[in-house]
Amino acid sequence: MPLTEVLTEVVLPGPVDPEGLQLRSGPVPEPGPGQALVAVEASGVSFAEQQMRRGKYYDQPPFPFVPGYDLVGTVAATGEGVDPGLRGHRFAVLTKVGGWASHVLADAGDLVAVPDGVGAAEAETVVVNGITAWQMLHRVAGARAGMTVLVHGANGGVGSTLVQLARSAGIAVIGTASPRHHDAVRALGATPVDYRDPDLAARVRELAPGGVDAVFDHVGGDGIVDSFRLLARGGTLVSYGTAATRDVPGSSRAPVLKLLARLALWNLLPNGRKAHFYNLWAGRRRRAAYQARMREDLGQVLTLLASGEFTAQVAARIPLAEAARALRLAESGTVTGKVVLVTGDASVTDKGSATGKGSVTGNAS
């Protein structure tokens with residue numbers, strides 16, 4: 001039976017300012033074999049979309065496209081071969097693109113159940129952020145109780161999740177952030193240091209004289225050298241981004257390739273330290289195994305969230321039609337946690353401020 005609702009999507013037409021985002025409407029698609037139609041309740045604004053609007057994300061699709069790295073919503077319809085009992089239940093989905101919409105078609109194998117009692121916006125903050133933090137902490141760094149780690153951007157979406165997951169595992173955390181976020185970082189359980197301090201490395205050494213057991217670095221650029229030097233023998237550097245080059249003109253691939261070459265060289269050094277570049281999408285060609293790993297890891301994070309082991313860091317709830325304002329806010333550096341786009345009657349609670357007009361402009365053809 002055809003669906004009668006209207007599909008609304010936010011379109012990124014090219015390298016534009018946030019106000020250049022466009023709204024597009026059309027018929028709601030029907031799920032095909034193996035698919036579920038998800039009525040989106042919340043979708044996140046992550047660093048990936050900030051890079052994408054500049055054409056700087058490593059493997060983004062060609063313009064125009066609908067951004068949106070992850071979402072949480074309720075299954076509205078199921079296709080052939082999919083359990084119809086999924087309808088009416090809330091799930092999280094990792095999408096990479098396409099999440100900034102009122103409805104999204106998803107492979108049923110990508111659905112991860114959201115525990116009862118966890119709100120859509122709260123669950124949304126730990127989809128890509130939670131998977132990334134959990135896998136970097138446990139699968140890549142192998143961090144365990146008694147260790148000390150350094151988290152760059154400890155007030156951000158991934159950073160704040162990393163801090164809380166580490167603290168829940170008995171790991172001490174030093175977190176970099178601007179001074180205005182230090183109280184928030186302390187509240188998460190980390191010791192804050194000013195990321196702009198010219199003596200940052202010395203400050204970290206004061207807190208961890210023998211070096212830290214792991215560094216989680218989303219910044220890249222030349223600062224990655226200090227991150228590696230701050231490791232204790234046997235420590236692990238986990239690099240997962242190139243934020244330092246976000247606004248630098250030129251190829252989106254060059255900074256990543258330079259970083260990968262640098263990490264590979266460091267791994268050849270006989271000092272017992274390791275350097276990794278974390279790629280969330282690694283192993284996706286073995287689709288069933290990849291999906292199972294995603295369900296397991298995100299399931300662990302959502303269970304911790306539901307149990308109160310850590311708190312969702314919702315920086316703001318902003319309506320989907322105001323994606324431009326949400327993107328401006330996320331890029332402003334004034335918030336702790338994640339900016340979330342919401343649909344329907346979800347309440348809007350803004351924290352922080354940013355300049356720029358509120359609504360997405362025009363209609364995409």
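The legends below describe close-up views of a predicted model.

**View 1. Aromatic pairing around Trp 281 and Tyr 290.**
A search of the whole structure finds 5 aromatic pairs. One of them joins Trp 281 and Tyr 290 in a stacked arrangement, with 6.2 Å from centre to centre and 20° between the planes. Both partners are buried, Trp 281 at 12% relative accessibility and Tyr 290 at 2%. Ring pairs also connect these two residues with Tyr 57 and Tyr 69, so that Tyr 57, Tyr 69, Trp 281 and Tyr 290 are linked into a cluster.

**View 2. A charge over a ring, at Arg 273 and Phe 228.**
The ring of Phe 228 has the charged end of Arg 273 sitting over it, at 5.7 Å from the ring centre.

**View 3. The enclosed helix 3.**
Helix 3 (residues 128–140) has 10 of its 13 residues buried, and is therefore largely enclosed by the rest of the structure. Among the buried residues of helix 3 are Val 128, Ile 131, Trp 134 and Leu 137.

**View 5**
Strand 15 (residues 338–342) is mostly covered, with 5 of its 5 residues buried. Lys 338, Val 340 and Val 342 point one way from the strand, whereas Val 339 and Leu 341 point the other way. In a regular strand the side chains alternate between the two faces of the sheet. Strand 3 (residues 35–45) runs antiparallel to strand 15 and is joined to it by 4 bridges, with Ala 42 having Val 342 as its bridge partner. Strand 14 (residues 314–319), by contrast, runs parallel to strand 15 and is joined to it by 5 bridges, with Val 340 as the bridge partner of Arg 317.

The structure holds 19 salt bridges. In one of them Arg 287 pairs with Asp 107, the closest N and O atoms being 3.4 Å apart, and this pair links helix 9 (residues 287–307) with strand 6 across 180 residues. Both partners are partly exposed, Arg 287 at 31% relative accessibility and Asp 107 with a relative accessible area of 29%. A further salt bridge joins Glu 122 to Arg 317, with 2.1 Å between the closest N and O atoms. Because Glu 122 lies in helix 2 (residues 120–124) and Arg 317 in strand 14, this pair ties together parts that are 195 residues apart in sequence. Glu 122 is partly exposed at 25%, while Arg 317 counts as buried at 18%.

The side chains of Glu 206 and Arg 203 meet in a salt bridge of 3.3 Å, N to O. The two residues are 3 apart in helix 6 (residues 200–207) and are therefore separated by about one helical turn. Glu 206 is exposed at 57% relative accessibility, whereas Arg 203 is partly exposed at 32%.

**View 4. A nonpolar surface patch.**
Tyr 58, Leu 257, Leu 260 and Phe 277 make a nonpolar surface patch of about 320 Å². Leu 257 belongs to helix 8 (residues 254–266) and is partly exposed, at 45% relative accessibility.

Methods:
Residues numbered from 1 in each chain as written. Predicted model: local features only at pLDDT ≥ 70, side-chain atom pairs only at ≥ 80, totals over all residues. Heavy atoms only, no water. Phe/Tyr/Trp six-rings, centres within 6.5 Å; stacked < 30°, edge-to-face > 60°. Buried < 20%, exposed > 50% of the residue type's maximum accessible area, 1.4 Å probe, protein only. Lys NZ or Arg CZ within 6 Å of the ring centre and 35° of its normal. Patch = residues over 30% accessible without salt bridge, like charges linked within 9 Å, V, L, I, M, F, W, Y side chains within 5 Å. Areas by Shrake-Rupley, 256 points an atom, 1.4 Å probe, with all protein chains shown as cover. Salt bridge = Lys/Arg side-chain N within 4 Å of Asp/Glu carboxyl O. Pairing = 2+ DSSP bridges.
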